[in-house]
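Hi,

I am passing on the structure we talked about, and my notes follow below it. Have a look at it first, then read on.

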Amino acid sequence: MAPPTAISPVSDYAVPYTAGKTTKPAPERAVATKVDDLLGKWETFTFAPIRESQVSRAMTRRYFADLDTYAESDVVIVGAGSCGLSTAYVLAKTRPDLKIAIVEAGVAPGGGAWLGGQLFSAMVMRKPADVFLDEVGVPYEDEGDFVVVKHAALFTSTVMSRVLQFPNVKLFNATTVEDLITRKNEDGTLRVAGVVTNWTLVSMHHDDQSCMDPNTINAPLVISTTGHDGPFGAFCVKRLVSMKQIEQLGGMRGLDMQAAEDAIVKGTREIVPGLIVGGMELSEVDGANRMGPTFGAMALSGVKAAEEALAIIDARKKENEL
């Protein structure tokens with residue numbers, strides 16, 4: 001006689017998926033149409049029934065559909081900090097026809113904009129960055145030449161919420177850009193035509209595991225906002241140096257708020273064809289000053305990056321068809 005199996009037969013788990021239905025009749029439960037309907041009724045409370053495979057399929061089906069949809073994107077934004085999110089907001093609002101993929105190395109988007117300086121809560125923005133706060137609906141205290149948001153997380157969560165509600169935007173977080181896709185123009189110059197991606201945890205273990213090949217997203221325009229030099233910071237401009245597209249990085253200078261913010265916003269531009277750089281990543285190219293705990297330039301550099309993108313996206317899309 002054969003010993004009993006340690007697990008149930010596979011056929012027991014192979015339950016066909018039926019959208020919107022469970023595998024057995026749902027027990028009667030109270031119907032709630034608002035939160036107040038739940039109050040004082042916890043003894044009879046129960047969630048709607050579900051099977052574990054339904055959760056898995058609901059997640060994986062959508063994620064792989066997104067991978068398929070955004071494998072060909074119109075714009076890829078690298079980095080979902082304050083600059084990248086501001087860029088995405090303006091682009092998505094202005095051009096709802098564009099497919100915009102945001103690639104963020106961290107699990108939690110937002111970059112360094114969850115707190116102000118030295119882990120303090122308040123976020124300071126110099127005017128005229130207050131117009132962007134008005135645009136997205138973030139309240140603030142007016143201090144004359146600058147405004148103060150009571151908690152940086154209020155700004156970041158609000159902008160993120162506004163961005164993710166656009167149907168033409170997909171955020172791939174916990175995903176890192178490992179390289180740039182490039183093409184040669186007819187005159188021999190190089191243009192950026194997309195990004196090479198991998199899950200961040202995979203990227204962190206290339207040195208202690210065997211080869212783990214990446215994925216790709218084709219796009220006629222990449223906007224890099226990965227911040228100043230760091231483990232994942234300034235990645236795209238550092239790659240430009242190794243590809244000999246720029247001679248060397250300028251190196252971020254010491255802190256000077258007055259000079260730094262103007263320089264970052266004004267300098268936001270297309271560095272090489274197909275690659276716009278904004279935010280503090282730009283300081284590594286131009287040798288701009290560090291700005292410290294003031295965030296107006298991050299938001300308005302994003303606005304300018306979007307404006308630069310809107311001016312060239314159709315031309316870059318045409319080039320990408322060749």
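Before the rest, a word on the source. This is a predicted model, in which local features need pLDDT of at least 70 and side-chain atom pairs count only at pLDDT 80 or more, whereas totals for chains, interfaces and linings use all residues. Residues are numbered from 1 along each chain as its sequence is written, and side-chain values use heavy atoms, with hydrogens and water left out.

**Confidence and overall make-up**

The predictor's confidence in each residue, pLDDT, runs from 0 to 100. Its mean over the protein chain is 90, and 89% of the residues reach 70 or more. Residues 1–15 stay under 50, and the model has six contacts for them beyond four places in sequence. Where pLDDT is low, the predicted coordinates should not be read in detail.

The protein chain has nine helices and 14 strands. Of its 322 residues, 41% count as buried (buried is under 20% relative accessible area, exposed over 50%, partly exposed in between; 1.4 Å probe, protein chains only). If you take the contacts between residues at least 6 apart in sequence, 71% of them join residues at least 24 apart. The chain exposes about 17900 Å², with carbon and sulfur atoms supplying 57% of that area (Shrake-Rupley method, 1.4 Å probe; for residues, only the protein chains shown count as cover).

K244 follows the helix and has a positive phi, near 60°.

In helix α4 (residues 152–164) you will find F155, which is buried at a relative accessible area of 1%. Leaving out residues up to four places away in sequence, F155 touches S82, S86, M123, M125, F132, L133, V138 and V149. Between F155 and P139 there are 8.7 Å from C-alpha to C-alpha, at a separation of 16 residues in sequence.

**Backbone points to check**

The peptide bond from K127 to P128 is cis, with omega near 15°. P128 sits in the loop between β3 (123–126) and α3 (130–136). The loop between β2 (100–104) and β3 holds Q118, and L119 is also found between β2 and β3. Phi is positive in each of these non-glycine residues, near 50° for Q118 and near 65° for L119. Q118 counts as exposed at 70% relative accessibility, and L119 is exposed at 70% as well.

**Salt bridges and a surface patch**

A search of the whole structure gives 13 salt bridges (a side-chain nitrogen of Lys or Arg within 4 Å of a carboxyl oxygen of Asp or Glu). One of them pairs D74 with K317, with the closest N and O atoms 3.5 Å apart. D74 lies in the loop between α1 and β1 and K317 in helix α9 (residues 296–320), so this pair ties together parts that are 243 residues apart in sequence. D74 is buried at 12% relative accessibility, whereas K317 is partly exposed at 25%.

K304 and E308 also meet in a salt bridge, at 3.2 Å from N to O. These two are four residues apart in helix α9, which means they are separated by about one helical turn.

On the surface, V35, L39, W42, F45 and F47 form a nonpolar patch with about 590 Å² of accessible area together (patches are made of residues with over 30% relative accessible area and no salt bridge; like charges are joined within 9 Å, nonpolar side chains (Val, Leu, Ile, Met, Phe, Trp, Tyr) within 5 Å). W42 belongs to the segment before α1 (52–70).

Best wishes

Conventions:
Contact = heavy atoms within 4.5 Å.
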